[in-house]
Amino acid sequence: ADDGRFKIAFNAKMAKILADGIYSDKITSIIRELSCNAVDSHVESGQPNLSIEVHLPGIFEPWFHVRDFGVGLDHTQVMNIFTCYGASTKTNSNDFIGQLGLGSKSPFSYVDAFDVTAIKDGVMRQYSMYKDEEGMPSVALLLEEPTTERNGVTVKIPVLQSDFNYFREKAANVFRWFTPVPQVVGMSDFEIKPVEPVYSGTDWMIRHKKGEIGRAHV
């Protein structure tokens with residue numbers, strides 16, 4: 001028999017499918033994917049109980065961002081992670097939530113360009129992630145300078161005013177399941193109501209979810 005492996009022709013159409021077509025609820029997916037990546041960075045850096053920072057959009061600050069204070073990324077890591085679908089630093093461990101390398105590209109389901117700030121070992125780099133004239137995801141290094149800030153990554157997305165409330169509502173629902181709860185900035189009256197466990201143990205709990213019982217690790 002003449003066997004052969006399937007391949008993917010990566011073009012603008014395929015990029016749109018991977019960034020857009022796989023998410024039925026784009027805003028929820030962006031919040032969840034970016035926040036899970038941030039939590040994973042805290043776990044990787046040995047800080048599982050440290051809260052990530054989330055900025056919710058408002059009139060004077062119309063953006064959503066997720067910031068972690070974990071391992072950070074250098075230039076090579078940014079290029080490898082953000083420009084390669086399926087690439088992940090977490091594939092070989094069960095300690096992390098995201099392992100498919102798709103979450104970092106999820107903002108492309110909502111916008112054509114977003115910003116990434118990566119700090120690693122005393123160097124801060126700012127990038128623009130954007131779709132070029134052919135619709136292909138691309139990256140541009142905008143700034144590189146020394147810094148005394150701690151390692152970490154911030155992903156910042158512009159938000160339409162008509163979607164401010166959607167981000168607020170969907171973030172409140174997503175973060176009910178997060179332990180620890182994120183530190184939310186940009187809105188002073190934002191409230192996250194955690195889901196109370198039905199049963200719990202040393203490193204696990206069982207919670208109600210929409211009338212059903214679901215299991216979550218802590």
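1. How many helices and strands does the chain have? In this predicted model, the chain has four helices and ten strands. Helices are DSSP runs of H or I with at least four residues, strands are E runs of at least two, and both are numbered from the N terminus. The order along the sequence is α-α-β-β-α-β-β-β-β-α-β-β-β-β.

2. Conventions. Residues are numbered from 1 along each chain as its sequence is written, and side-chain values use heavy atoms, with hydrogens and water left out. Local features need pLDDT of at least 70, side-chain atom pairs count only at pLDDT 80 or more, and totals for chains, interfaces and linings use all residues.

3. Whole chain. Of the 218 residues, 39% are buried (under 20% relative accessible area; exposed is over 50%, partly exposed in between; 1.4 Å probe, protein chains only). The accessible surface is about 12,800 Å² (Shrake-Rupley method, 1.4 Å probe). Carbon and sulfur atoms account for 50% of that surface. Take the contacts between residues at least 6 apart in sequence: 57% of them join residues at least 24 apart. Contact means heavy atoms within 4.5 Å.

4. Helix α4. This helix spans residues 164-174, and its buried residues are F164, F167, A171, A172 and V174. They lie on the same side of α4 because they cover an arc of only 165° around the axis. The arc is taken from the directions from the helix axis to the C-beta atoms. Exposed residues N165 and E169 sit on the face turned away from the buried side. Cover for the buried residues includes α2 (26-44) and β2 (63-67).

5. T28. This residue is in helix α2. T28 counts as buried because its relative accessibility is 16%. Leaving out residues up to four places away in sequence, T28 touches K170 and V174.

6. Cavity. Rolling a probe the size of a water molecule over the atoms shows where empty space is left. The count is one cavity of 30 Å³ or more. A cavity is a set of points, on a 1 Å grid over the protein atoms alone, where a 1.4 Å probe fits but cannot get out. Points are joined across faces, edges and corners, and the volume is the space filled by probe spheres set on them. The largest cavity has a volume of about 50 Å³.

7. Lining. Residues with an atom within 4 Å of a point count as lining. For the largest cavity they include V39, H42, V43, T179, P180 and P182. The lining divides into seven nonpolar, four polar and no charged residues (nonpolar: Ala, Val, Leu, Ile, Met, Phe, Trp, Tyr, Cys and Pro; charged: Asp, Glu, Lys and Arg; polar: the others, Gly among them).

Methods. 1 Å grid on protein atoms, 1.4 Å probe; cavity = no way out; pocket = protein on both sides within 12 Å on 5 of 7 lines; lining within 4 Å.
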